[in-house]
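Please read them with the coordinates open beside the text.

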Amino acid sequence: SPSLSPSPSHTNHTPSSPTISTTNNHNIGGGMQRVTTATNNVSELVMGRSTTTTTTPSSFTSPPPPPPPSTTSNSNNHGRKQDNSSMMGRVRSFTANPNNKDLMRRSHIIKEIIETEQSYMRGLSVCIKIYLDPLLNLSPPLITPDQISSIFLNIQRIFKITCEFLKKLKTRIAKTSGGVNTSAPPSSSPAANMGEASIGDLFMWLWNETKIVQEYTAYINHFNNSQRIIDDLSANKSKFADYLHKCQREEECRSQTLSGFLIQPVQRVPRYVLLLTDLLKHTTSDHPDNEWLSQALNRTKAVAETMNEAKRNAESSARMNVLASSLLNAPDTFILNRPGRLVVKDGALMLSEGNKKASKYSYLFLFNDLLLFTRQQKSKFQYQKVMPLNQLKVVDIAANETGQHAFHVLWSLPEDTKPITLSSSKPEEKELWLNYLKDANHNQKKTRQE
């Protein structure tokens, strides 16, 4: 499963895999068919079909920057308001020492935040202008509206959010230090007093807007499906592949692929974490931005983790749908796709029952509440049996001379008392299964007790 983890790179490039570590195929058992059906609910997020999306949109409605957080819990101070001009006065009263390395480092980091946000906005704009808008206006259509929606997701709304956030950043810097020259070379030195600016509250605005978090979460959740559709259309529809190559050759694209543009929103949130961490590191305790940055960093990390968890759940649900359609001869009483059920691990192990020496391969699916045994038949899976985790016990077995690394799985129900022995030729694979089984078993019992 992918994880939303910070990546040190912020430049636009064509990824072999996203920073969020997406896997472009959910290939269960090596034979599972790729999911190519567009996700219906994504289309609700996509898209005003205007061809003027590259202009800066009107501002989101938002309150003025809040006052710096209080360091005391005095109830008499609760609800006290400080206007923006007062906060800016605090910023200007912070005296810049020419020899203050932290302040100079802050200036460089703030300059980098604005420059990379400018580059991010440009990438989204080019993607919409070069790849999306012409595709919407082709007659006859090259691909269906649903396919377009599932590829580009809500990128137009992400673009508008980025424009608004960048505008706020530039406005704040202009009020504090006279602005930043984003056309200057990246190696050029920023104005020394740029380090006096406070921008932590702007990041708090970004993530305290519920709609913004929802837009990013929706985009990230469906990014894998977007990439699968691009891959399938490129492989099976030569005109679509030709269209992508034509767009890539446009001067504004700088040879960037469509996937290289679409991954940028996925990479941006982890990049914010890295930049804010560095900025807070070089912000002294008496700087007016210190408390805001601390809150902004914690909030950004929390948002990243929320998005990460939502993505894991979305991917697990997609895998569950694929597995449900591929499972053969399951009893009518067995319902695989239940709310809250997640795929934890799957793979093939050698299986023998009781004292039998003969063993055969079984393909196992470990969920957060049960263990499913199947026999793989190409892209299908023959149902064998199911063990609820709360009735299951795992016992390790010392390595034997045959080179098999095994463990017992015991079921507490009286009608099935024969132990099952599962083994692998690789010790690390056995350890993985043992750990996953024990953790899932423990979590299931803990959930039932609660």
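1. With a disulfide taken as a pair of cysteine sulfur atoms within 2.5 Å, the count comes to zero. The model is a predicted one, in which local features need pLDDT of at least 70 and side-chain atom pairs count only at pLDDT 80 or more, while totals for chains, interfaces and linings use all residues. Residues are numbered from 1 along each chain as its sequence is written, and side-chain values use heavy atoms, with hydrogens and water left out.

2. Two cysteines illustrate the point about sulfur distances. The sulfur of Cys127 has its closest cysteine sulfur in Cys253, at 8.2 Å, which is too far for a bond; for Cys247 the closest cysteine sulfur is again that of Cys253, at 6.5 Å, also too far. Cys127 is buried at a relative accessible area of 1%, and Cys247 is buried at 3%, where buried means under 20% relative accessible area, exposed over 50% and partly exposed in between (1.4 Å probe, protein chains only).

3. Helices (H or I, at least four residues) and strands (E, at least two) are DSSP runs numbered from the N terminus, and two strands pair if DSSP finds at least two bridges between them. Strand E3, residues 360-367, is mostly covered, with six of its eight residues buried. Strand E2 (residues 343-353) runs antiparallel to E3 and is joined to E3 by eight bridges, including the one that makes Lys360 of E3 the partner of Leu351.

4. E3 also pairs with strand E4 (residues 370-377), in the antiparallel sense and over four bridges, and Tyr363 stands opposite Thr374 of E4.

5. Some backbone angles deserve a check. The peptide bond joining Ser139 and Pro140 is cis, with omega about 0 degrees, and Pro140 is placed in the loop between helix H2 (101-137) and helix H3 (145-152). Asn329, a residue other than glycine, has a positive phi near 60 degrees; Asn329 is found in the loop between strand E1 (327-328) and E2 and is exposed, with a relative accessible area of 59%. Lys378, likewise not a glycine, has a positive phi of about 55 degrees, lies in the loop between E4 and strand E5 (380-388), and counts as exposed at 75% relative accessibility.
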